[in-house]
Amino acid sequence: MNLLADKKIKRSQEPMASAATPDLDPGSQTAEAADRYMSRGSGPVARARTQVAAGLKPAAGLPDLKPMFEVQDLNLYYSKFQALKHINLTIPAHQVTAFIGPSGCGKSTLLRCFNRMNDLLEEVRIDGRILMDGRDLRGPQTDVVELRTKVGMVFQQPNPFPMSIFDNVAYGLRCQGIKDRVYLRQVVETSLKKAALYDEVKDELDKNATKLSGGQQQRLCIARAIALQPQVILMDEPTSALDPIATLKIEELMNDLKKEYTIVIVTHSMQQAARISDKTAFFLLGEVVEFDDTVTMFNNPSDKRTEDYISGRFG
Ligand SMILES: Nc1ncnc2c1ncn2[C@@H]1O[C@H](COP(=O)(O)OP(=O)(O)OP(=O)(O)O)[C@@H](O)[C@H]1O
Ligand SMILES: [Mg+2]
């Protein structure tokens, strides 16, 4: 048992225990909202709200961050089925943005638009625009291979290649023609450190990656994405196949990673969205019903459907 992780898990439970005395300005809107929601129950969502209301992610005082993606009236069709309807939202750089919503509402579909993965499907038709750093992602000047280097992706199931840990992380660089062993070694080491895996694997970089635990494999996949020096890391339910300790490690990692990268994560866990994200978008039937600071979304949702979903009344 990793004692540090164990300790952190216990610490992460403390806000639940001390929910009655959140450290808040009693006159603030957040404090009132916290009181209102705390009186509604003690389930996981109530606890997540308490954590948010307890000031873990203050909305006030956030710097005015520059946009990484600006989605403008985006519609996406799989043949005749419209999976995304008039999506408008701006993903800020160096923040964690969470997509939540019931199954089949278009979260992964929108995520895949950010690195044009949907281009691989013939039946997909898209209109509207996504700007990245102000440039049209789907414009003729966008090189898709370069885009997928800039916008890395981590999937629900860890998918290490059946080769060594070292070769997994070096894979993308080798594909770019880089052979310098010293340079590769440096990047592999740095990427594994940033993915908080290095200490666990530094003596066995030649070990086959498929022999790592699920949580280690997922951090390896994050290291593989980091090795290409992306600007953005997309994560589609990256912890849903992991146990709570591995999940916690990945969540802690995200807080560090956002200093260097922009993170967009799909999650079915409201607690996770509340713990790790700065912004949350709530999807329903192909629409973004609400998009706001996570604090606001969980404490004071503006749409009844958001309120119903995060209260567990549907979905
Ligand atoms: N390749 C595809 N061809 C046709 N329809 C698709 C395809 N991929 C997704 N869809 C449909 O588009 C809608 C949105 O799917 P998507 O995978 O984006 O949902 P999601 O919100 O990520 O769901 P989940 O939470 O279950 O992962 C669903 O109705 C789904 O059936
Ligand atoms: Mg999905």
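Start by selecting H86, a residue of strand 2; strands here are DSSP runs of E with at least two residues, helices are runs of H or I with at least four, and both are numbered from the N terminus. Before going further, note that this is a predicted model, in which local features need pLDDT of at least 70, side-chain atom pairs count only at pLDDT 80 or more, and totals for chains, interfaces and linings use all residues. Residues are numbered from 1 along each chain as its sequence is written, while chains are lettered from A and ligands numbered from 1 in the order in which they are written.

**Stop 1**

Most residues other than glycine have a negative phi. H86 counts as partly exposed because 13 other C-beta atoms lie within 10 Å. On this scale, 20 or more such atoms within 10 Å make a residue buried, 12 or fewer make it exposed, and anything in between is partly exposed, with C-beta atoms placed from the backbone.

Now select S79, in the loop between strand 1 (67-78) and strand 2. S79 also has a positive phi, near 50°, without being a glycine. Is S79 buried or exposed? S79 is exposed, because its count is 10 other C-beta atoms within 10 Å.

**Stop 1: around the ligand**

Show ligand 1 and select its surroundings: Y78, F81, A83, G101, S103, G104, C105, G106, K107, S108, T109 and L121. A residue belongs here if its C-beta atom, placed from the backbone, lies within 6 Å of the ligand. Which elements supply at least two residues each to this shell? They are strand 2 (81-92) and helix 4 (107-113), and helix 4 gives the most, with three residues.

**Stop 2: two sheets**

Zoom out to the whole protein, with its 13 helices and ten strands. Find the open sheet of four strands, ordered 2-1-4-5 with antiparallel pairing; two strands pair if DSSP finds at least two bridges between them. At its edges are strand 2 and strand 5 (135-136), each pairing on one side only. Strand 4 (residues 124-132) meets strand 5 in the antiparallel sense through two bridges, and M132 stands opposite R135 in strand 5.

Next, highlight the open sheet of six strands, whose order is 6-7-8-3-9-10 and whose pairing is mixed. Strand 6 (151-154) and strand 10 (287-293) are the edges, each with pairing on one side only. From one strand to the next, the twist averages 15°; angles run from 0 to 180 degrees between N-to-C directions, and axes are lines fitted to C-alpha atoms, for helices over the stretch in contact. Within this sheet, strand 3 (residues 96-100) and strand 8 (residues 262-266) run parallel, joined by four bridges. Click on A98 to find its bridge partner in strand 8, I265.

**Stop 3: the core**

The largest nonpolar core has 71 residues, and F99, F114, A223, I233, L234, I263 and V264 touch the most other members. A nonpolar core is a set of buried Ala, Val, Leu, Ile, Met, Phe, Trp, Tyr and Cys residues joined through C-beta atoms within 7 Å. Helix 9 (residues 214-226) gives the most to this core, with six residues. Helix 9 also lies across strand 6 and strand 7 (232-236), at about 170° to strand 6.

Now pick L234. Leaving aside neighbours within four places in sequence, L234 is in contact (C-beta atoms, placed from the backbone, within 7 Å) with L111, F114, N115, V151, G152, M153 and V264.

**Stop 4: helix 6**

Select helix 6 (residues 165-175), which includes R174. R174 is exposed because 11 other C-beta atoms lie within 10 Å. By contrast, I165, N168, V169, A170, G172 and L173 of helix 6 are buried. Their cover includes helix 7 (181-194), helix 8 and helix 9. Just after helix 6, G177 has a positive phi of about 90°.

Finish at E204, in the loop between helix 8 (198-201) and helix 9.

Definitions and conventions
Contact = placed C-beta atoms within 7 Å.
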